[in-house]
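This report was prepared to accompany a protein model.

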Amino acid sequence: MRVTIVAWAREFLIEVGCQEPVLEIKAKIELLLGVPVSAQILSILGWELVDGLDMEDYPIVTEGTRIDLTIKPMTPPPFNNHSGKIQITVKFSAKQINIEVDTTDTVRSLKEKIHIVESTPIKRMSLFFSGVELDEDFRNLSEYGIGEFSEIIVFLKTVNRLRDDPPTRKLNIVVKTSSALLNAASIPLEMKDSSTVNDLRSLLLSRKILPEDDYLFIHKQRIMRDNCSLRWHGVENGDSLYVFKGTVSRNGY
């Protein structure tokens with residue numbers, strides 16, 4: 001059955017079994033959203049789901065049930081100066097950098113810091129976190145759920161594709177399905193790094209590796225965007241991509 005995970009004013013649909021343990025559902029959420037199992041609190045109408053129980057212990061869980069995800073507050077380190085300073089990683093298509101920001105910084109101020117460090121034009125930047133675009137410059141980073149060691153992907157709006165894009169490379173990747181699909185199969189594929197996630201989906205469907213359905217593709221704990229290339233997602237030769245049954249709907253922002 002499908003349930004809806006509600007977090008950061010967004011909704012994420014995932015497939016769960018009627019007898020699936022709560023811990024296994026948290027493991028799926030960690031892979032999907034990057035939130036560690038130990039930091040997750042799942043609840044339904046204020047009733048917390050206990051790690052040692054299965055879904056069958058909660059008869060209120062049915063098709064379409066909304067499960068709220070909240071994050072346990074982190075214990076501050078010793079001698080915390082309460083400045084709100086955190087380290088984040090900013091990833092480009094071929095490199096990454098570490099930047100110190102304040103949780104009260106806005107998206108615009110983060111773009112300005114990236115511009116100072118990398119000389120990247122602010123007007124060309126689109127920033128993404130956990131598959132969600134940071135598309136409102138005036139919002140604080142904390143409003144998007146960004147915290148210590150979060151990873152931000154920078155997408156550069158193309159001015160001249162022929163001039164800006166590096167040469168296309170071939171990638172050998174492995175697509176891994178969850179236990180609910182094809183008995184947790186591992187499928188080796190060769191694709192161009194310029195191929196989009198939609199291209200990957202079409203290839204798997206055309207080879208009848210996956211049946212017609214809705215699927216999420218995950219790379220390094222991030223939801224992959226259908227219209228973006230493997231190169232944009234930072235997929236490297238030998239990487240594994242994970243496929244789960246389900247869809248994502250985003251509200252707000």
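The model is predicted, not experimental. The protein has 4 helices and 16 strands. Of its 253 residues, 42% are buried. Among contacts with a separation of 6 or more, 60% join residues 24 or more positions apart.

**Cavities**

Rolling a probe the size of a water molecule over the atoms shows where empty space is left. The structure contains 2 cavities of 30 Å³ or more.

Which residues line the largest cavity? Its lining consists of Phe128, Gly131, Ile153, His219, Arg222, Ile223, Arg225, Trp232 and His233. By class, these comprise 4 nonpolar, 3 polar and 2 charged residues. Domain 2 (85-156) and domain 3 (170-245) each supply at least three residues to the lining of the largest cavity.

The second largest cavity is lined by Trp8, Arg10, Phe129, Ser130, Val132, Leu134 and Tyr144. By class, its lining has 5 nonpolar, 1 polar and 1 charged residues.

One of the residues lining the second largest cavity, Tyr144, lies in the loop between β9 and β10. Is Tyr144 buried or exposed? Tyr144 counts as buried because its relative accessibility is 2%, and the cut-off for buried is under 20%. Ser130, which also lines the second largest cavity, is 14 residues from Tyr144 in sequence, and the two C-alpha atoms are 9.4 Å apart.

**Loop residues**

| Residue | Relative accessibility | Class |
|---|---|---|
| Asp137 | 30% | partly exposed |
| Tyr144 | 2% | buried |
| Phe149 | 62% | exposed |
| Ser119 | 55% | exposed |
| Asp193 | 2% | buried |

Asp137 is located in the loop between β9 (132-133) and β10 (151-156). With its neighbours within four places in sequence left aside, Asp137 is in contact with Thr106, Val107, Arg108 and Lys111. With Lys111 there is a polar contact between side chains, at 3.1 Å. The C-alpha atom of Asp137 is 8.1 Å from that of Ser109, a residue 28 positions away along the chain. Asp137 is classed as partly exposed because its relative accessibility, 30%, falls between the limits of 20% and 50%.

Phe149 is also in the loop between β9 and β10. Its phi is positive, about 70°, although Phe149 is not a glycine. With a relative accessible area of 62%, Phe149 is exposed.

What is the phi of Ser119 near? The value is near 60°, which is positive in a residue other than glycine. Ser119 sits in the loop between α2 (107-118) and β8 (125-129). The relative accessible area of Ser119 is 55%, and the residue is therefore exposed, the cut-off being over 50%.

Not counting residues up to four places away in sequence, Asp193 touches Pro167, Thr168, Arg169, Leu171, Ser229, Leu230 and Arg231. Asp193 has a relative accessible area of 2% and is buried.

Terms used. Residues numbered from 1 in each chain as written. Predicted model: local features only at pLDDT ≥ 70, side-chain atom pairs only at ≥ 80, totals over all residues. Heavy atoms only, no water. 1 Å grid on protein atoms, 1.4 Å probe; cavity = no way out; pocket = protein on both sides within 12 Å on 5 of 7 lines; lining within 4 Å. Points joined across faces, edges and corners; volume = space filled by probe spheres on them. Nonpolar A, V, L, I, M, F, W, Y, C, P; charged D, E, K, R; others polar. Domains from an automatic or database assignment. Helix = DSSP H or I, 4+ residues; strand = E, 2+ residues; numbered from the N terminus. Buried < 20%, exposed > 50% of the residue type's maximum accessible area, 1.4 Å probe, protein only. Contact = heavy atoms within 4.5 Å. Polar contact = N/O pair within 3.5 Å; in protein donor to acceptor, adjacent residues only side chain to side chain.
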